[in-house]
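Please examine the sequence and the model displayed here before reading on. The paragraphs that follow lead from a single side chain to the arrangement of strands around it.

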Amino acid sequence: KEKPAQFVELRGLTFRHAARTFMDNKEPLNRSDWTIYRGGAVVFNGAADCAVADCTFDQVGGNTIFVNNWNRRIAVRGCLIKESGANGVAFVGDPKAVRSPLLRYGPQNYQTLDRTPGPLTDNFPADCLVEDCLITRTGRDEKQTAPVQISMSQDITVRHCSIYGVPRAGINISEGNWGGHRIEFCDV
């Protein structure tokens with residue numbers, strides 16, 4: 001975050017036939033039975049003010065676009081994402097940024113629960129956008145996926161997207177850490 005990659009835009013490219021990551025999908029997500037693989041055809045890690053625009057993603061074997069940990073103002077616009085093995089666009093922060101994370105279902109010890117509002121660190125995606133995208137037939141190989149996956153993130157906007165033909169949730173907001181998400185004008 002001290003020296004982020006900035007102002008990089010991937011525009012008008014086609015990504016096809018990346019390897020499957022099915023057996024690499026092992027990291028648990030906060031307060032969920034879902035697991036994740038932190039990788040994809042395009043991965044943002046420590047970036048700001050970057051975009052993927054007007055690109056086609058066809059039959060990538062795992063996640064299509066993965067926004068990992070600290071990233072700010074990443075935009076995915078006008079993309080066609082189809083036949084992905086896992087998630088379409090995933091925003092996933094660091095469990096260590098969460099106060100009293102619980103990486104499973106079940107009871108929690110309320111005596112040790114950190115009740116301080118807000119994140120513990122800023123190692124999570126924030127102020128990001130998915131807009132004007134068509135996302136279809138994702139999750140072909142992996143079980144716990146969504147065309148748009150949001151976990152341990154803040155202020156993610158998904159708007160004017162069409163999402164269909166998927167095995168689970170069209171847009172999954174895992175645990176809702178830090179909130180501020182906006183979902184609007186989508187056909188799911």
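Leaving aside its neighbours within four places in sequence, F44 is in contact (heavy atoms within 4.5 Å) with C50, V52, I65, F66, V67, N68, N71 and I74. The model is a predicted one, in which local features need pLDDT of at least 70 and side-chain atom pairs count only at pLDDT 80 or more, while totals for chains, interfaces and linings use all residues. Residues are numbered from 1 along each chain as its sequence is written, and side-chain values use heavy atoms, with hydrogens and water left out.

F44 also belongs to the largest nonpolar core, which has 27 residues; F44, V52, F57, I65, C79, F91 and V130 are those with the most contacts inside it. A nonpolar core is a set of buried Ala, Val, Leu, Ile, Met, Phe, Trp, Tyr and Cys residues joined through side-chain atoms within 4.5 Å. Buried means under 20% relative accessible area, exposed means over 50%, and partly exposed lies in between, with a 1.4 Å probe and protein chains only. At least two residues of this core come from each of β6, β10, β14 (89–92), β15 (125–131), β17 (148–151) and β18 (154–159). Another core, of 13 residues, lies apart from it and includes A90, A97, A126 and A146.

The strands named here are DSSP runs (E, at least two residues), numbered from the N terminus. Strands of a sheet pair through backbone hydrogen bonds, either parallel or antiparallel. In this model, two strands are said to pair if DSSP finds at least two bridges between them.

Q149 lies in strand β17 and counts as buried, because its relative accessibility is 0%. Its side chain makes a polar contact (a pair of N or O atoms within 3.5 Å; within protein, one must be able to donate a hydrogen and the other to accept it, and residues adjacent in sequence count only if both atoms are side-chain atoms) with the side chain of N172, at 2.8 Å. A further polar contact, of 2.7 Å, joins the side chains of Q149 and S174.

A second open sheet of 5 strands has the order β3-β9-β13-β16-β19, again with parallel pairing. At its edges stand β3 (14–16) and β19 (162–164); each has a single partner strand, so one side of each is left without a neighbour in the sheet. Here too the twist averages 5 degrees from one strand to the next. Strand β13 (residues 80–82) and strand β16 (residues 134–136) run parallel and are joined by 3 bridges, with I81 opposite I135 in β16.

Strand β15 is mostly covered, as 6 of its 7 residues are buried. It pairs in the parallel sense with strand β11 (residues 71–72) over 2 bridges, where A126 is the bridge partner of R72. Strand β12 (residues 75–77) runs parallel to β15 and is joined to it by 3 bridges, with E131 as the bridge partner of R77. β15 and β18 pair in the parallel sense over 5 bridges, and T157 in β18 is the bridge partner of L129.

The cysteines remain to be considered. How many disulfides does a search of the whole structure find? It finds 0 disulfides, a disulfide being a pair of cysteine sulfur atoms within 2.5 Å. C79 is in no disulfide, and its nearest cysteine sulfur, that of C133, is 4.8 Å away. C79 is buried, with a relative accessible area of 2%. C186 is likewise in no disulfide; the nearest cysteine sulfur, that of C161, is 4.8 Å away. C186 is partly exposed, with a relative accessible area of 24%.

Methods. Helix = DSSP H or I, 4+ residues; strand = E, 2+ residues; numbered from the N terminus. Axes fitted to C-alpha atoms, helices over the stretch in contact; angles between N-to-C directions.
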